[in-house]
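Visitor: I have a chain open in the viewer and would like to talk it through. Could we begin with the overall picture and then turn to particular residues?

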Amino acid sequence: MPESISIQVGASPIQISTGEIARQADGAVMIQQGETMVLVAAVAARKARPGQGFFPLTVDYREKASAAGRFPGGYFKREGRPSEKEILTCRLTDRPLRPLFPKGWLNEVQVQSMLLSADQENDPDILSILGASTALTISDIPWDGPLGAVRVARVDDALVANPTHSQRELSDLDLTYVGNETDMVMYEGSAAEISEADFLAALRFGQECCAPMIKAQHDLRERVGRPKRRIEVPEVPEAIVEEARQLAGERIIPALLTPGKLEREEIWEKLTEEIGEALRTKHGEDALDDSVLKEVWYRIQKTAVRSLILDEGKRLDGRGFDALRPISSRVGFLPRTHGSSLFTRGETQSLAQVTLGTLDDSQEFDAYSGGNSEKQFMLHYNFPHFSVGETGRIAGPGRREIGHGALAERSVEPVIPKEAFPYAIRVVSEITESNGSSSMATVCSSSLALMDAGVPIERPVAGVSVGICVRQDDQGKVEKYQLLNDIMGWEDAFCDMDCKIAGTAKGITGFQLDLKLRGIPHDIMAEALELAAKSRGAILESMAETLSEPREQLSPYAPRITTIRINPDKIGALIGPGGKNIRRITDESGCEINIQDDGEIKIYSLSEDNLKIAQTEIDALTAEIQPGKIYRGKVISIKEFGCFVQVFPGQDGLCHVSELANFRVKRTEDIVKIGDEIWVKCLGIDDKGRVKLSRKAAMEQRAREIDEATPDESEATQ
């Protein structure tokens, strides 16, 4: 029978129903907020694949064009590969789910979310996370949930739960928070330089919002939940693990403490191969295949690394727990790009390149779920295999690259002055070397490259990743922990947290938390944020030694821009019949011209001279006569009382016969003829728009200007 629950978090309630749709899935729910509806279904394979040595979890989120009443773009008129928004929502849903599956559970699990209805106000990404938690909770799949999920905004200094898109536009905080009954599990988002204290308050607010969601899922599970499967986790015999540890003996710790990533990995690989061969010789290859040996060495390595940290107070590279790796940076590294920088922190290195373009270069995309459909600032992140000394399939950006690029983009975007700097901006970060925290290195390199390009960012942004190593008791309570500043690759792999915090000297701009734990207390997170703030200040000081503020001039290879305003009524005259006038101007000047409906015109060019050509042509077509100014016009009509002079195309005025000369004129034809070009001064414009011109006044003013510009005879003699 269909069952449903209602959760009141924020202004709009969330409805979750099950039992009516997707009934053959192990767990499925329809989750709705407003008129936004997401279907989430979870299924787990009955058996693990033979020889499989990893947990194959797939989380997928897709938006249907029909949800917003639209046709998909493209030739085939059906949904294709996932968009960036869909990929980011996949990652957002995946990350809090993954740590809560049982260790050693290797059956394939698929969680699929589909946006089926979109009201353009309530974002479906929170619904995807909450729906996935509920589907797994009521299913028979082993999973240690449920979780609550909420978006937190801050509007007029007040925290808002699950804001609409309209509210998010007014907010200086965009926090996605996921928590269990007591602790945080995951967060992600951006802010307009928010303080650590305000950020912690938002995290606590998010935790409070999770409580009714978790209670509602427990209630639904009691009504419709299926008994969880009994699982048999394949165990590596402890005797084999201990035997391998004994054979390696005292070589384990020196191998792990070897300076340098590549040297450390090489020594460890030789050690494991040597001991592995000895174990295979003794026990046979059937008993010890590659997957078993891999697990043996993973457990030995993990135990040793964590023991070094928690018991001996040592890190693999010899640093103190709060120390940063050595930092160096350069700008102007690439001579023909609009801006570039090379940022190195330890064995992690990012090469950033900036390209400036016109607003027409902004990225446009379908936004079925609402929100902005155009991006003026783009940051792309690439992670080639050579950055870690490996080979692999060369393809387009994967989910990890898109996710890291999005994190860096939202960390830097708050300091981009989009209205004051009307360019499309693209930053590309090439990770040329990696040993942890490459996304935070990207934040640093991007800030330097933007300043090198002359982009007037408000303040430079830096980022750092803080890790943690935790020892827990049998009930999962923390017995001992150690924070790790600026974590490296093996610390990320064998410890428990990757907390990325980016910001300026003023406050936090971007953040992301990934855990391998079931949750982390808020008081420990407060310590991590304090450490990140201290480290961020040190990184910013190092960056300032290379470049402390944006360059005053753009690169000579970057497009120049000027902005002018015309009367909107003149837009038609500027464009001309069939676009004739604007095409002529762009062809003659080589400029790109962007015309807005309100009369704002942006002219882009690589040449200052071409920019002036375009501006002169536009002025000629759109300028308006102003009182007190002198113009050179053409006589187009002669009357007994004077002549009409065309000053601009479609704009003329009357020069009365009394204003033709500084003496009495009997006939207009005695002074001017049709087609003559004469100087005239605008004496005024009446209420009906009629222009009064004077040749006499123009001649007198021009004579005075010539006299003032010519030195007298005595000055010339001297």
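**Overall architecture and selected sites**

Guide: The chain has 17 helices and 29 strands. Please note that this is a predicted model.

Visitor: What is the radius of gyration of the chain, against that of a compact globule of 718 residues?

Guide: The chain has 34 Å, whereas a compact globule of 718 residues would have a value near 27 Å. The C-alpha trace spans about 125 × 70 × 45 Å along its principal axes.

Visitor: And how much of the chain is buried?

Guide: Buried residues account for 50% of the 718 residues. The accessible surface comes to about 34,400 Å², and carbon and sulfur atoms contribute 49% of that surface.

Visitor: What share of the contacts with a separation of 6 or more comes from residues 24 or more positions apart?

Guide: Such residues account for 69% of those contacts.

Visitor: Let us move to helix α7. What span should its 23 residues have?

Guide: Helix α7 covers residues 261-283, and at 1.5 Å a residue it should span 33 Å. Its end C-alpha atoms are 32 Å apart, which agrees with that expectation.

Visitor: Which of its residues are buried, and what covers them?

Guide: The buried residues of α7 are Lys-261, Arg-264, Trp-268, Leu-271, Thr-272, Ile-275, Gly-276, Leu-279 and Arg-280. Their cover includes α5 (238-248), α6 (252-256), α8 (290-310) and α11 (489-494).

Visitor: Why would residues three or four places apart point the same way?

Guide: An α-helix has 3.6 residues a turn, so residues at that spacing point the same way.

Visitor: What comes just after α7?

Guide: Gly-284 does, with a positive phi of about 90°.

Visitor: Which residues other than glycine have a positive phi?

Guide: Among them are Ala-22, with phi near 55°, and Glu-193, with phi of about 55°. Most residues other than glycine have a negative phi.

Visitor: Where do these two lie, and are they buried or partly exposed?

Guide: Ala-22 lies in the loop between β2 (14-18) and β3 (27-33), and at 32% relative accessibility it counts as partly exposed. Glu-193 belongs to strand β10 (residues 184-194). Glu-193 is buried, because its relative accessible area of 11% is under 20%.

Visitor: Where is there a cis peptide bond?

Guide: One joins Gly-145 and Pro-146, with omega about 5°. Pro-146 sits in the loop between α2 (124-138) and β7 (148-155).

Visitor: Now Phe-101, please. Is it buried or exposed, and what does it contact?

Guide: Phe-101 is buried, with a relative accessible area of 5%, in the loop between α1 (84-97) and β6 (109-117). Leaving aside neighbours within four places in sequence, Phe-101 is in contact with Phe-55, Leu-57, Val-109, Leu-136, Ile-141, Pro-142 and Trp-143.

Visitor: What about His-404?

Guide: His-404 is part of helix α9 (residues 399-412) and is buried at 10% relative accessible area. Beyond its neighbours within four places in sequence, His-404 contacts Arg-91, Tyr-381, Ser-438 and Ser-439.

Visitor: Finally, how far is Asp-322 from Val-691?

Guide: They are 75 Å apart in space, C-alpha to C-alpha, and 369 residues apart in sequence. Asp-322 lies in the loop between α8 and β11 (327-331).

Key
Residues are numbered from 1 along each chain as its sequence is written. This is a predicted model: local features need pLDDT of at least 70, side-chain atom pairs count only at pLDDT 80 or more; totals for chains, interfaces and linings use all residues. Side-chain values use heavy atoms; hydrogens and water are left out. Helices (H or I, at least four residues) and strands (E, at least two) are DSSP runs, numbered from the N terminus. Buried means under 20% relative accessible area, exposed over 50%, partly exposed in between (1.4 Å probe, protein chains only). Contact means heavy atoms within 4.5 Å. The radius of gyration is taken over C-alpha atoms; the globule rule is 2.2 Å times the number of residues to the power 0.38. Accessible areas come from the Shrake-Rupley method with a 1.4 Å probe; for residues, only the protein chains shown count as cover. The expected span of a helix is 1.5 Å times one less than its number of residues.
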